[in-house]
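Let's take a walk through this structure together, one part at a time.

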Amino acid sequence: MRPAMQFVDIASKFQASITVSKAETSVDGKSIMQMSMLAATYGARLKIKAEGADAAEAVEALRELVEVKKFGEPTPEEKSRQMS
Amino acid sequence: MEIKKGIAVSPGISIGKCFVIDAEDYRIPRRLIEPSQRLTETQRVRNAFKDGIVELTRLQAEPKEIEGQKIKDIFAVHLSYLRDRTLRKKITDMVNTELVTAEFAVSSTLRDIASHFTKVKDVYISERAADIYDIEHRLLGHLVGGKRQDIAALKEEAIIVARELSPTQTASFNKEYVKGIATGAGGRTSHTAIVARSLGIPAVVALEDITESVNAGDTVIIDGNRGIVIVNPDDNTIQQYLEYAVEYTELEHRLDTIREKPAETRDGVRVMLMGNIEFPDEAQGVLQKGGEGIGLYRTEFLYLNRNTEPTEQEHYEAYSKTVAVFKSMPVVLRTVDLGADKYTQSRRYIREPNPFLGLRSIRFCLQNLTMFKTQLHAIMRASVLGDLKIMFPLITNLQELMQAKMILGDVMEDLDEEGVPYNRKIKVGIMVETPAAALTASMLARDADFFSIGTNDLTQYTLAVDRGNELVSTLYSSVDPAVLRLIRTVIQDAHKAQVETSVCGEMASEPESVMLLLGLGVRTLSIAAPMIPEIKQIIRSVTIEECNKVARKVLGMNSERQISSFLRDAARKILPEAF
């Protein structure tokens, strides 16, 4: 649930409306309920769409969270490496 | 019209409109509202979210020794949900379109989300369902809590229908307007029953799914004599019950005339009849009904109806107010009996797997000395105002009693240093309410000035039956041979050691048990005020010789069923109107 919360926290800082899609399902990127119900686990493919004045910045900030910081959590591979 | 049968726990008859309270930890039934209530219900949803946010923000800021960061993260997630407008809208939309109560909309929406999570294969996500249930629980807590304030602010007479009433809820009752109580859970000695009896409000418990059979505003009849609740009665039934109600009031008035007469058997044996109270404002009622003091003054209420723990001065004011009413009559004050089903402010969130076997009552006090000493300090200050006695609850061994007395000694030293006067010779006794205490009564008697047998917990612990669980309520009986043997042991051992013994459990206020208790040698009973006249009437109608015979017979019987039907027959001969 923490990653969803981080995502929503960042998305909520922007004016732009943010839509996140996984396969056919699209949800409001500012709603933790909808984001967590998307059930995006590690390795899922997400499409982030923003509309509004600060749309570009919003997408960039969210991309950074997902792709660069990786939610500040170890990936499953890293976890198994730590354990062994 | 629907007739429901439960357990009659507080006598009397009342007819009125019902006020329903759902429980945050029990399935919320789908209950409908009128279109005109849409605005109020959606506002209740918004308020619950708002209150939840305030509460979580406060919890997050509190330094927590044990839980640490992990809990804070969980709180952050919950906060995030409560701030989610789309979630709130989903719930208010449901209220508006389906015309259901705020409670039902919250519960059903969040349960849908939770079940969505449990279906996901990924363990990390499916475990999140627990978070959703927590959020549901928190929101419902605020909705129900808001209802609680509504009971406090009732402007018209109502009959309360609930799954179960918590001590916090009953503590905030506006007694003037609560005319009857019906609960799904509970038994004769559950908290609701005790409170209803002491306030003289007709009540029926263990009605199972009663909350699903009523909607707010339905007309309900509570028959606290026969254990019957009738939902939406027809005109004939209402008429019939109005007549019953008149007859019953007449009986009560007849009994009130014996108020000035002593509680004395026909052969001249004097029995002392005292009252059990929880709130200082009940004290007057005990006197009015002819009580000769307080045999059990419960002090938990100071902790229940508020957000912060009471100060020493607040303890003192409550006690001195009560003592003032009784002047030189004895007032036995029981030190706080929190834990199990009643909680202190700071511990409300820590759950124990077996609360009735856990850190409750004297055990809790002995581990929270600051709180315990605060209460003892206030009691000792009030001890100069009248005949105040101290009673420690749930003692299971001599060490606990010694420890508690040692702490009382410390408090006396503090008072000496402060130059505050107190009664140095205050009597210190214990509740005998565990099998352990009953079996070792002869040892405890050396260090206790008096015993009070608490038959409610003694029965619960002896028979291993949860006294509030309606599923096993038929097994709960204070006249079970096992319980009676323990009571006899206590009375005999106390007699040998010349320690005064009274009975303060609900058993003492059951007309059918009175002869038995007298026959076992009990001479002091402490009961709910409204029961005093009826019990006195029984005492005045019997001889000790008859009582001894009843006790001898009963102790020779080997089944609870045989005993209770024998006792009922014996009592019916004496006071037929009451049965």
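In chain B of this predicted model, helix α15(B) passes helix α16(B) in a right-handed crossing. By class, the contact between α15(B) and α16(B) has 10 nonpolar, 1 polar and 4 charged residues. To find the pair, look for α15 at residues 369–382 and α16 at residues 398–418 of chain B; their axes come within 9 Å and cross at roughly 60°. α15(B) and α16(B) are therefore oblique to each other. Which residues meet here? On the α15(B) side they include Leu369(B), Phe372(B) and Leu376(B), while those of α16(B) include Ile407(B), Leu408(B) and Val411(B).

Now turn to the sheet of chain B. Its 8 strands form an open sheet with mixed pairing, in the order β1-β8-β7-β3-β4-β5-β6-β2. At the edges lie β1 (2–5) and β2 (7–10) of chain B, each pairing on one side only. Neighbouring strands of this sheet are turned by 30° against each other on average, direction ignored.

For one pairing in detail, pick β7 (residues 219–223) and β8 (residues 228–231) of chain B, which run antiparallel and are joined by 4 bridges. Here Ile221(B) stands opposite Ile230(B) in β8(B).

Helices lie across these strands, too. Helix α10 (residues 235–256) of chain B lies across β3 (13–21), β7 and β8, running at about 115° to β3(B). Helix α8 (residues 191–199) of chain B lies across β2, β5 (178–183) and β6 (203–205), at about 45° to β2(B).

How confident is the predictor? Chain B averages a pLDDT of 89, and 95% of the residues score at least 70. The model scores ipTM 0.84 and pTM 0.70.

Note on methods
Residues are numbered from 1 along each chain as its sequence is written. Chains are lettered from A and ligands numbered from 1 in the order in which they are written. This is a predicted model: local features need pLDDT of at least 70, side-chain atom pairs count only at pLDDT 80 or more; totals for chains, interfaces and linings use all residues. Side-chain values use heavy atoms; hydrogens and water are left out. Axes are lines fitted to C-alpha atoms, for helices over the stretch in contact, and angles run from 0 to 180 degrees between N-to-C directions. Helices (H or I, at least four residues) and strands (E, at least two) are DSSP runs, numbered from the N terminus. Angles under 35 degrees count as roughly parallel, over 145 as roughly antiparallel, 65 to 115 as roughly perpendicular and the rest as oblique. A crossing is left-handed if the near helix is turned anticlockwise from the far one by less than a right angle, and right-handed if clockwise. Contact means heavy atoms within 4.5 Å. Ala, Val, Leu, Ile, Met, Phe, Trp, Tyr, Cys and Pro count as nonpolar, Asp, Glu, Lys and Arg as charged, and the others, Gly among them, as polar. pLDDT is the predictor's confidence in each residue, from 0 to 100. Two strands pair if DSSP finds at least two bridges between them.
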